[in-house]
Amino acid sequence: FDFASEVAEKVPISITCSLLGIPASDVPWLLSCSKRALSSETPSTEWIDALEARNEILIYLGDLARLRRQDPGRDVVSAIATETIDGEHLPLDDVALNCYSLILGGDESTRVSIIGGLHALGTFPDQWCLLKDGGATVSTAVEEVLRWVTPAMHFARTASTDLRIGDAQVGAGEIVTLWNISANNDDTVFSNPRRFDVARADNPHLALGYGPHYCLGAFLGRMELNAVLDSLVRRVATLQVLEAPQRIHSNFLFGYSALRLRLD
């Protein structure tokens with residue numbers, strides 16, 4: 001079966017939307033928008049499609065924030081919409097942007113990490129056996145999956161001060177690109193970085209960022225990855241990748257749109 005569509009696409013978006021109090025009837029539409037926002041399953045998609053998808057999500061969340069401010073429930077949107085800072089509510093646009101960050105952290109990056117992690121476990125059966133036999137914990141496997149996949153390949157940041165990086169001089173105010181996927185394969189930090197090792201103990205990866213811009217959905221994403229891997233380890237004896245997975249088309253996000261597996 002296609003693990004991407006049958007499992008990985010269902011778990012993160014369902015959990016995230018449940019936390020946000022989004023009606024179940026809206027989840028399939030929100031998933032389609034989330035998938036279009038940062039990537040495409042075909043190489044011919046226009047950039048305007050991604051922009052439209054992001055705008056549709058933000059408009060939806062803005063309307064939802066307005067409703068929850070008037071009639072709050074026990075969900076994350078209500079909590080953010082009704083909270084005050086120095087006696088003032090957050091602008092509804094800020095509420096929508098914060099909730100959108102949770103959707104990105106809880107769905108998009110988690111979804112492609114789950115798919116990429118299962119592809120790696122199927123490609124390196126010794127690592128699946130190590131995990132099954134208790135030679136590695138699910139928690140260390142989760143960190144290695146995040147490092148190995150690195151769903152967000154890069155980010156742009158503005159230098160707050162003049163600095164020198166290697167042979168390059170960066171001036172304050174200049175925009176630089178941080179290549180997380182390169183950092184996570186740095187052989188001065190990681191021993192044999194191109195080996196998928198679910199027992200890797202020293203794993204200071206940057207898949208979720210660093211500092212004040214650390215991923216807002218990191219805790220939720222880790223919890224979802226942990227739940228999926230733990231469930232598979234308890235239920236599945238062997239797994240096999242049946243065919244090469246389909247890569248998504250994106251200059252920002254790394255991952256696969258389809259992954260055919262056999263689970264016994």
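Colleague: Is Asp107 buried or exposed?
Modeller: Asp107 is buried, because its relative accessible area is 0%. Keep in mind that this is a predicted model.

Colleague: Which residue does Asp107 form a salt bridge with?
Modeller: Arg111 is a partner. The closest N and O atoms are 3.4 Å apart.

Colleague: Why are they separated by about one helical turn?
Modeller: Because Arg111 and Asp107 sit four residues apart in helix H6, which covers residues 92–123.

Colleague: And Arg111, buried or exposed?
Modeller: Buried, since Arg111 has a relative accessible area of 5% and the cut-off for buried is under 20%.

Colleague: How many salt bridges does the structure hold?
Modeller: The structure holds 11. Another one joins the side chains of Asp264 and Arg262, at 3.2 Å from N to O. Asp264 is partly exposed at 44%, and Arg262 is partly exposed at 46%.

Colleague: New topic. How many helices and strands are there?
Modeller: The protein has 10 helices and 10 strands. Its radius of gyration is 20 Å, close to the 18 Å that the globule rule gives for 264 residues, so the protein is as compact as a globular protein of that length.

Colleague: What does the C-alpha trace span?
Modeller: About 55 × 50 × 40 Å along the principal axes. Buried residues make up 44% of the 264 residues.

Colleague: Now the rings. How many aromatic pairs does the count come to?
Modeller: Seven aromatic pairs. Take Phe155 and Phe252: their ring centres are 5.5 Å apart and their planes are at 75°, so the pair is edge-to-face.

Colleague: Where in the chain are those two?
Modeller: In distant parts, 97 residues apart. Phe155 is in strand S3 (residues 154–158), while Phe252 is in the loop between strand S8 (246–247) and strand S9 (256–258). Phe155 is partly exposed at 31% relative accessibility. Phe252 is buried, with a relative accessible area of 19%.

Colleague: And what about Phe254 and Tyr256, stacked or edge-to-face?
Modeller: Edge-to-face, with 5.8 Å centre to centre and 70° between the planes. Phe254 is buried at 17%, and Tyr256 is buried at 13%.

Colleague: Which residues do ring pairs link into a cluster?
Modeller: Phe124, Trp148 and Phe196. Phe196 also touches Gln127.

Colleague: Where is Gln127 found?
Modeller: In helix H7, residues 125–132. Gln127 is buried, with a relative accessible area of 2%. Leaving out residues up to four places away in sequence, Gln127 touches several others, including Leu121, Arg195 and Asp197.

Colleague: Last one, the surface. Which residues form a nonpolar patch there?
Modeller: Trp47, Ile48 and Leu51, with about 310 Å² of accessible area together. Leu51 is in helix H4, residues 47–70, and Leu51 is partly exposed at 31%. The accessible surface of the protein comes to about 13,800 Å², and 56% of that belongs to carbon and sulfur atoms.

Terms used
Residues are numbered from 1 along each chain as its sequence is written. This is a predicted model: local features need pLDDT of at least 70, side-chain atom pairs count only at pLDDT 80 or more; totals for chains, interfaces and linings use all residues. Side-chain values use heavy atoms; hydrogens and water are left out. Patches are made of residues with over 30% relative accessible area and no salt bridge: like charges are joined within 9 Å, nonpolar side chains (Val, Leu, Ile, Met, Phe, Trp, Tyr) within 5 Å. Accessible areas come from the Shrake-Rupley method with a 1.4 Å probe; for residues, only the protein chains shown count as cover. A salt bridge is a side-chain nitrogen of Lys or Arg within 4 Å of a carboxyl oxygen of Asp or Glu. Buried means under 20% relative accessible area, exposed over 50%, partly exposed in between (1.4 Å probe, protein chains only). The radius of gyration is taken over C-alpha atoms; the globule rule is 2.2 Å times the number of residues to the power 0.38. Rings of Phe, Tyr and Trp (its six-membered ring) pair if their centres lie within 6.5 Å; planes under 30 degrees apart count as stacked, over 60 as edge-to-face and the rest as tilted. Contact means heavy atoms within 4.5 Å.
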